[in-house]
Amino acid sequence: MRLSRRGLLAAATAAAVSPTALAAAAGRGQPRTGFERLAADGYAVLHGQRVGVVTNPTGVTRDARHIADVMHADERVNLVAVFGPEHGFRGTAQAGGSEGRYDDPATGLPVYDTYLKTGRPLADVFTASGVDTIVFDIQDVGARFYTYIWTLYDCMEAAQLAGKRFVVLDRPNPVTGRAALGPVLHKEFATFVGRQPIAQAHGMTVAELARLFNGEFLTTPVHLDTVLMTGWRRSAFYEAQGLPWVPPSPNMPTPDTALVYSGTCLFEGTNLSEGRGTTRPFELLGAAGVDGRWAAAANELALPGVHFREAYFAPTFSKFQGTTVGGVQIHVHDRTAFDPVRTGVALLVTARKVWSGFAWRSDNWIDKLTGSARVRTAIDAGADTDEVVAGWQAELADFRKVRREYLLYR
């Protein structure tokens, strides 16, 4: 990992409010999101700017109004464009899809598609939109392979190329910001589910990630401002903020889904269902031919904070569509003790042990999700959970040191 260019970062963000001062302010008063603080301040940070917002259905106020609708109706801000990520601005597209270019029926604003656009092509979209400042407000779920944080990264890079200012409105990490967990991406495995070497469960907010991206990974930092939350603590789960949960994507229906996702999404890299097409995606896992031995083997490990129930389900789409399969349902009973990444690895190890039909996806997608070939090859060699987890501890310790420099909340 290429380490600090903090002097360069400081010069690029000289116009921003001091992170130290913002961090102190974040500890006072009622819980408020970055957008709530922006609006309460009369949009002062956006004064005189033609503004475009990168957002999706999660960009909502406490009373469930969308921020694009709120800003469009407010004369204090000049909102002229919207930029939609994967799944789209209004959230009509499934995984791997977007909404394309259209005019939003509710506001009349032009909506531009950012999905799978990077570098100069994305910079050209920003230039064509006529904006001066790009605002980012999307709810993340805390996992490296959830693509919105790489939309953030790509948009920051493209904004710099286009000479645009970039403002990040912060929201909670719904699974807390207590710790970074799991393997760190190796650059040769970089894709849209992991552009840069961060941990599988990064334990950061989007504003903290933006600062890290700007200071560690962007060749030339963008002019970055961050509007932080107040009242958020690193130990807080999502409901502590008192905000409505809007599914960030179609298969992220609840905060409980987010809690397990950074571990069980690894099953996308196998021939087992990760629960897509059920009402509990990423909490239900299974395949045709799996039986109760899997839940029994997983429970024998006595993993902290979690129990496993033998379960049967028939996905309505995706893997095993319309077929009843056997597997497990994950029941987290102690969220503070639960380690989603270790749990995900343990479930891979036990699934391979008890089911002869276990296989990785033929494209080795598991390597893109874990960030290297190490997890896959260790499991194939018969490693147990402790041995697999031990393999990433050194790189995780290095990432945690870098991460610490960019944390803005206690």
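**Close-up 1. Helices α9 and α10 are oblique to each other in this predicted model.** The axes of α9 (residues 293-300) and α10 come within 9 Å and cross at roughly 135°. Axes are lines fitted to C-alpha atoms, for helices over the stretch in contact, and angles run from 0 to 180 degrees between N-to-C directions. Angles under 35 degrees count as roughly parallel, over 145 as roughly antiparallel, 65 to 115 as roughly perpendicular and the rest as oblique. The crossing is right-handed (near helix turned clockwise from the far one by less than a right angle; anticlockwise is left-handed). Helices are DSSP runs of H or I with at least four residues, numbered from the N terminus.

**Close-up 2. Helix α10 spans residues 340-354.** Its 15 residues reach 21 Å from first C-alpha to last, close to the expected 21 Å (1.5 Å times one less than the number of residues). Of these 15 residues, 12 are buried (under 20% relative accessible area; exposed is over 50% and partly exposed in between, with a 1.4 Å probe and protein chains only). Among the buried residues are P340, V345, L348 and V354. At the start of α10, a side-chain oxygen of D339 lies within 3.1 Å of the backbone nitrogen of V341.

**Close-up 3. Helices α5 and α6 are roughly perpendicular to each other.** α5 (residues 119-129) packs against α6 (residues 148-162) at an angle of about 70°, and their axes are 8 Å apart. The crossing of α5 and α6 is right-handed.

**Close-up 4. Helix α7 (residues 206-217) is largely enclosed by the rest of the structure.** The count of buried residues in α7 is 12 of 12.

Close-up 5. C155 is buried, at a relative accessible area of 0%, and C265 is buried at 1%. The whole structure contains zero disulfides (a disulfide being a pair of cysteine sulfur atoms within 2.5 Å). D69 lies in helix α4 (residues 67-72) and is partly exposed, with a relative accessible area of 29%. From C-alpha to C-alpha, D69 and C265 are 33 Å apart in space, and 196 residues separate them in sequence.

**Notes.** Residues are numbered from 1 along each chain as its sequence is written, and side-chain values use heavy atoms, without hydrogens or water. In this predicted model, local features need pLDDT of at least 70 and side-chain atom pairs count only at pLDDT 80 or more, while totals for chains, interfaces and linings use all residues.

Note on methods. Helices (H or I, at least four residues) and strands (E, at least two) are DSSP runs, numbered from the N terminus. A polar contact is a pair of N or O atoms within 3.5 Å; within protein, one must be able to donate a hydrogen and the other to accept it, and residues adjacent in sequence count only if both atoms are side-chain atoms.
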